[in-house]
Amino acid sequence: MAEKPKRTRGGLSDEALEIAQNLGDKSVSEPVLTGSVRAADIAVIVLTGVGAAFTDAGSVPLDIVHGVAILVASVFALAFFQAADAYQISVMRQGLSQFGRMAAGWTLVFAMFALLRTSTGLGSALEQSWLGAWYVLGLCALLILRLCVFRLVRHWMQSGHLERRAIIVGGGTAAAELIHDLEAQADNDIKICGIFDDRANDRSPPVVAGYPKLGNISALVEFARLARIDMLIVCIPLRAEQRVLQLLRKLWILPVDIRLSAHTDKVRFRNRGASFIGTVPFVDVVQRPITDWDMVAKRVFDLFFASLAILMLFPLMIAAAIAIRTDSKGPVIFRQKRYGFNNEIIEVLKFRSMYHEQSDPDAKKVVTKNDSRVTRVGRIIRKTSIDELPQLFNVLSGSLSLVGPRPHAVNAHTNETTWDEVVDGYFARHKVKPGVTGWAQINGWRGEVDTPEKIQKRVECDVYYIENWSILFDLQILLLTPFRLLNTENAY
């Protein structure tokens, strides 16, 4: 009789756990990479245009006409490079092809200048020596830049930093056909990490197209978090529509893209966008929130406003620390384990508001009104939310965001029931980084959580925030927070 696979963390088998742990973090976003290359191209064009004025061949004083020429060249060069697919990852990892496209695009820019000068007289004030020097400098610099890009992209492709990690949900013949179709794509950047299926081996083989079945759907949730999976591809026959819907209810809490393979393209879901991997069509069911440039923008927002807040509130934090130390014995800072992004455990900083010997880092007992464990100073800083200010340093370190779902204690509960058992889909709030303030707090849901309705309302606000996020939404919440703190009815 075959030995059953040993189960470990979160129901994962030893094989699944080993695969998950061997998959290092992916650090390169394709949109950020291509956007950065565009920015580098513009910088090269501008700098070589300026530099051409200081060469022996083109020693000319720069004026507004030259500035307009540099601006026009930047715009048209990007358009020509885009038309030549020079910003496609598949092209960036090719040497000669990439260089030829860049040289052709740059040459077209100066051909356009020549045409304008001869046909309309526009640009006749531009010196031929300057244009010639700029063309040569620009071409050399662009090709050197693309050589660096080529080496970086090739390295990142080999190391897995530019691949998209995917899990196939559902096995059998349908999964085998999909895998073969994906592997047949010339520019495929999908790395299949395994297959998960609730069906037994007699209906879903343990190995499909060379990929092992690593467990059931419950194990998939834990695996996706450990391995930092980017995409779930649901590959289940049309006749199992209800099964697909049940799966999506379990999987939507993960911070990943969820796509239905072409085998389910006629299932009666509400309208969704379509996408392709090569020529293989998919239906986009769930999009991962706050990715790529949005992530960069949110991080810049956090660093700027958190730094500004620390500078402005530093005297208040010093005063609070002195008051806490004078009022009772113990450390000024209280540390507590809470849920962070993707269910990771993070350590959140707060000013200590309880007597040190009665502190509750495991959140076994919720703080209630007139709680005897809270110090005199603690009551003041809790009501005014001054106790939360050290979390600004969590923002700088990257474990928190300024705005997001509030981080809850790992063992947070209501009526002896943990909150993930109270609210269906509770862990969906962890699809983004938690925040110092959030939409739930703006809507009055702060303080003691003593009924299931209160945690339900918080989660509803958190999910609304995730689905409607924007930088302006973050700014709105940030600006409203001081005014909402004036309502201290539920803060104690």
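**Entry 1: salt bridges**

I began with charged side chains and found Lys-350, Asp-387, Glu-388 and Arg-406 linked in a network of salt bridges. A reminder to myself: this is a predicted model. In total, the structure holds 13 salt bridges.

Next I looked up Asp-474, which forms a salt bridge with Lys-298, and the closest N and O atoms are 2.5 Å apart. Asp-474 sits in helix α16 (residues 471–484) and Lys-298 in helix α10, so this pair ties together parts that are 176 residues apart in sequence. Are the two partners buried or exposed? Asp-474 counts as buried because its relative accessibility is 0%. Lys-298 is buried as well, with a relative accessible area of 7%.

I then turned to Arg-429, whose salt bridge partner is Asp-462, with 2.8 Å between the closest N and O atoms. This pair also links distant parts of the chain: Arg-429 is in the loop between α13 (419–422) and β14 (435–437), while Asp-462 is in helix α15 (residues 452–467), 33 residues apart. Arg-429 counts as buried at 2% relative accessibility, and Asp-462 is buried with a relative accessible area of 2%.

Glu-460 is partly exposed, at 41% relative accessible area, and Lys-457 counts as partly exposed at 30%.

**Entry 2: a pocket**

What is the volume of the second largest pocket? I noted about 1200 Å³. Its lining has 42 residues, and Arg-288, Ile-290, Thr-291, Asp-292 and Met-295 lie nearest the centre. The elements giving two or more residues to this lining are α2, α8 (217–226), β6 (257–261) and α10 (292–327). Helix α10 gives the most, with 6 residues. I sorted the lining residues into 16 nonpolar, 8 polar and 18 charged.

**Entry 3: the surface**

I found a nonpolar patch on the surface formed by Ile-42, Val-46, Val-50, Phe-54 and Leu-62, with about 410 Å² of accessible area together. Ile-42 belongs to helix α2 (residues 30–51). Ile-42 is partly exposed, with a relative accessible area of 31%.

**Entry 4: two residues brought together**

Last, I looked at Arg-249 in helix α9 (residues 241–251). Arg-249 counts as exposed, since its relative accessibility is 59%. How far is Arg-249 from Gly-425? They are 176 residues apart in sequence, yet 7.9 Å apart in space, C-alpha to C-alpha.

Terms used. Residues numbered from 1 in each chain as written. Predicted model: local features only at pLDDT ≥ 70, side-chain atom pairs only at ≥ 80, totals over all residues. Heavy atoms only, no water. Patch = residues over 30% accessible without salt bridge, like charges linked within 9 Å, V, L, I, M, F, W, Y side chains within 5 Å. Areas by Shrake-Rupley, 256 points an atom, 1.4 Å probe, with all protein chains shown as cover. Salt bridge = Lys/Arg side-chain N within 4 Å of Asp/Glu carboxyl O. Helix = DSSP H or I, 4+ residues; strand = E, 2+ residues; numbered from the N terminus. Buried < 20%, exposed > 50% of the residue type's maximum accessible area, 1.4 Å probe, protein only. 1 Å grid on protein atoms, 1.4 Å probe; cavity = no way out; pocket = protein on both sides within 12 Å on 5 of 7 lines; lining within 4 Å. Points joined across faces, edges and corners; volume = space filled by probe spheres on them. Nonpolar A, V, L, I, M, F, W, Y, C, P; charged D, E, K, R; others polar.
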